[in-house]
Amino acid sequence: MRSRLIVTADDVGLHEGMNAGAVRAHHDGIVTACSVVANGVALHDAVDRLRECPRMSVGAHLTLVEERPVAPVDAVGSLVGNDGRFFDDFRAFAARWALGRIRLRDVERELRAQIELLLRSGLELNHLNGHQHLHVLPRIFHIVLMLAEEYGIRYVRIPSDAAPQGTATGRAIAMRILNVFGAHAKRRGSQITTSAATIGIAAAGQMSAAGLIALVERLDGGTAELVSHPGTGNEKIAVAYDWGYDWDRETDALCDPAVRTALTNHGVELITPEDVALSS
């Protein structure tokens, strides 16, 4: 069976360097889609740059950590700390969610506000996913499905990525937990389309051309989504986002001619989320 691959650049809108990396990886590389953060400080720059990319599929990167809410703070009080910002990361959010301290009506207000802002910015949204994949948490995923149906968005990413085997690293453990949530979400999401597998999540921010080729060589038919994090200017981006990512190397990997050759040699067709929705 021929393999089909969506290549998505996440985090567009968070930083101008991430925006530039996504655009370069689309024009010069294999990126076919991007997901945009409505509450990113570089949203307007992203919207301007995306006008240069009419063939790149655009989606919403729904965000409930690290940034500031789009909705009024007093309308989403359970999502923010005393400083009016979201909590720091997946762990902080998930702990409050597990204790029942996240109000689902706040989540719906905020995610709806993010989608509405992106639409007002002139973007056409064709897919949804979540920053740090919080969108697949039970009950929150139900809200995402409801919004996808309301806004006519048929493709929603559901993570299913192989964790490093035989290891107990933080990233491997987190990937296994995420896969459990993803499997639960896939059972609930029969009305939307998604890929059979996601690749690249376990290697987020650390992907090289050789690593990317290895991922391509393991594709064995069906549809997959490669989750990528391109950017330009590691030092400047790291001032704002100290994630330990090598954005420049990931951009170079996505633009490496050897990667495109590997795709051709293994019969992999590059597609967009819309292609999946149309073929379902």
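## Two helices side by side

Helix α7 covers residues 209–217 and helix α10 covers residues 257–265, and their axes cross at roughly 10°. That angle is under 35 degrees, so α7 and α10 are roughly parallel to each other. Their axes also come within 9 Å.

So who meets whom? On the α7 side you'll find A209, L212, I213 and V216, and they meet A258, V259, A262 and L263 in α10. Sort this contact by class and you get eight nonpolar residues, with no polar and no charged ones.

## Empty space inside

Rolling a probe the size of a water molecule over the atoms shows where empty space is left. Here the count comes to two cavities of 30 Å³ or more.

Take the second largest cavity, with a volume of about 40 Å³. What lines the second largest cavity? Its lining is made up of L62, T63, L64, L111, G130, H131, L134, H135 and I140. By class, that's five nonpolar and four polar residues, with no charged ones.

The chain has a mean pLDDT of 91, and 89% of its residues reach 70 or more. Over residues 164–168, though, the pLDDT is below 50. Beyond near neighbours in sequence, this stretch has eight contacts in the model. Where pLDDT is low, the predicted coordinates should not be read in detail.

Notes
Residues are numbered from 1 along each chain as its sequence is written. This is a predicted model: local features need pLDDT of at least 70, side-chain atom pairs count only at pLDDT 80 or more; totals for chains, interfaces and linings use all residues. Side-chain values use heavy atoms; hydrogens and water are left out. On a 1 Å grid over the protein atoms alone, a cavity is a set of points where a 1.4 Å probe fits but cannot get out, and a pocket is an open set with protein on both sides within 12 Å along at least five of seven lines; lining residues have an atom within 4 Å of a point. Grid points are joined across faces, edges and corners, and a volume is the space filled by probe spheres set on the points. Ala, Val, Leu, Ile, Met, Phe, Trp, Tyr, Cys and Pro count as nonpolar, Asp, Glu, Lys and Arg as charged, and the others, Gly among them, as polar. Axes are lines fitted to C-alpha atoms, for helices over the stretch in contact, and angles run from 0 to 180 degrees between N-to-C directions. Helices (H or I, at least four residues) and strands (E, at least two) are DSSP runs, numbered from the N terminus. Angles under 35 degrees count as roughly parallel, over 145 as roughly antiparallel, 65 to 115 as roughly perpendicular and the rest as oblique. Contact means heavy atoms within 4.5 Å. pLDDT is the predictor's confidence in each residue, from 0 to 100.
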